[in-house]
Amino acid sequence: MGETLLKVLPVMLGFVGGFLLRRFRVAEPRDGDFLFRLVFYVCVPALMFTSLSTVQITAALAVFPLSSALFTLVGFVLALLTARRLHWDPTRSAVLMCGCMIANSGFELPFIQALYGAEGVVRIAAFDAMNTALTFSFAYLVAVRGNPNRRRGGGAMIGRLARSPALWAIALGLAVNLIAVPVPAPIHDSLAVFGAATGFIIPLAVGILFQPSGGQVGKAAVMVGVRLAAGLLVAVGLVLAFDLQGLDRTIMLLLGIAPIGFSTVTFASLEKLDEQLAVTALSLSLSLSLVLSMVVTVI
C-alpha cells in the first residue's frame with residue numbers, strides 16, 4: 001500500500017502545488033488554461049502515439065476494450081437523461097456527459113501496476129486502446145457540440161475534429177502498430193518524455209483552476225454520482241457475465257470506480273464549457289476514487 005501511495009504522490013502534489021500557486025497569486029486562471037492547451041496539443045498526442053504504437057491486444061483481453069465501449073455508452077445515456085431531467089444548460093450538460101463517458105484509467109494504473117505488474121499493465125493497455133479513441137472522438141464531439149460559440153451545421157465541428165492532434169496521433173500510432181514498423185528509439189524516447197509530463201501538468205493546471213463554490217459542489221456531486229453509477233453498472237455486469245476472477249475481476253472493478261477523466265477539464269477549457277464545474281467535479285471524483293481504490297485493492 002505504501003508503494004502505491006508513493007506512485008500517486010506526484011499527482012496529489014500537482015494538485016496541491018497548483019492550488020497554492022493560485023492562492024498565493026503566483027498563477028492565474030489563464031495560466032491553467034494555457035497548461036491545458038499545452039497538454040492537448042503536445043503532451044497528449046505524444047502519449048497516445050507512444051502507447052498505441054506498442055500496445056499488444058490478444059483475444060483473451062477483448063473484455064477490456066469492450067468494457068471501455070460500454071463505459072462510454074452507458075455513461076453517455078445516463079448523463080443525457082440526467083441533464084434533461086435537471087434542465088441543465090448546454091455548457092453544463094456537455095461537461096456532465098463528457099465526465100461520465102471518460103474513464104480515468106491512468107488514475108488506476110499505479111494501483112494495478114503495484115498489484116499485478118506487467119500482467120495488469122497489459123490489461124490497461126487493452127482498455128486504453130479503445131478508451132483513447134472514444135475519448136478523442138465521441139466524447140470530444142459532445143464537447144464541441146456544447147460550445148456556445150460553435151457555428152450552425154456540422155461542417156465546422158467536423159473540421160475541428162479533423163484538426164485534433166490526438167486523433168492524428170491515435171491513427172498514426174495504430175498504423176505503426178498494425179504494420180509492425182519499429183519506431184526509432186530516439187524518436188520514441190523523446191515523445192515519451194513529452195507524454196510522461198501529462199500526468200503532472202494536468203493536476204497542476206487543475207489545482208490552479210480549483211476554486212470550489214457552494215453552487216457548484218452540488219452539481220459536481222451529481223456528476224460524480226452518475227459517473228460512479230455508470231461505471232459500477234458496467235463493471236459488475238461484466239464480472240458476472242464473463243465470470244471474471246482474480247486480477248481480471250479486480251482490474252475491472254477498479255476501472256468501474258475510476259474518477260472522471262482529466263480530459264473533461266481539458267475539453268471544457270478548449271470548448272468554452274462550464275470549466276469550474278468540470279474542475280470541481282474532477283477534484284471531488286479524485287478524492288472519492290482514491291478512497292474506493294484503496295478499499296478495492298485491500299479487499
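How many disulfides does the structure hold? The structure we have here, which is a predicted model, holds 0 disulfides. As a reminder, a disulfide is a covalent bond between the sulfur atoms of two cysteines. Let us take Cys100 as an example: its sulfur lies 9.6 Å from the closest cysteine sulfur, which belongs to Cys98, and that is too far for a bond, because a disulfide needs the two sulfur atoms within 2.5 Å. Cys100 is also buried, with a relative accessible area of 0%, and Cys43, at 3% relative accessibility, counts as buried as well.

Let me turn now to the nonpolar core. The largest nonpolar core has 82 residues, and the ones with the most contacts inside it are Phe64, Phe136, Met252 and Phe267. Which helix gives the most to this core? That is helix α6, covering residues 118-146, which contributes 10 residues. If we pick out Met252 and leave aside its neighbours within four places in sequence, we find it in contact with Val63, Phe64, Ser67, Ala235, Leu238, Val239 and Leu244, and Phe64 is itself among the residues with the most contacts inside the core.

Phe267, another residue on that list, brings us to helix α13, where it is one of the buried residues. Just after α13, Lys272 takes a positive phi of about 60°.

We then come to Asp274, which sits in the loop between α13 (263-270) and α14 (275-298). Is Asp274 buried or exposed? Asp274 counts as buried because its relative accessibility is 12%, and the cut-off for buried is under 20%. A polar atom of the Asp274 side chain lies 3.1 Å from the backbone nitrogen of Leu277.

Along the chain, Arg22 and Leu209 are 187 residues apart, and yet their C-alpha atoms are separated by 7.5 Å.

Notes
Residues numbered from 1 in each chain as written. Predicted model: local features only at pLDDT ≥ 70, side-chain atom pairs only at ≥ 80, totals over all residues. Heavy atoms only, no water. Core = buried A, V, L, I, M, F, W, Y, C linked by side-chain atoms within 4.5 Å. Buried < 20%, exposed > 50% of the residue type's maximum accessible area, 1.4 Å probe, protein only. Helix = DSSP H or I, 4+ residues; strand = E, 2+ residues; numbered from the N terminus. Contact = heavy atoms within 4.5 Å. Polar contact = N/O pair within 3.5 Å; in protein donor to acceptor, adjacent residues only side chain to side chain.
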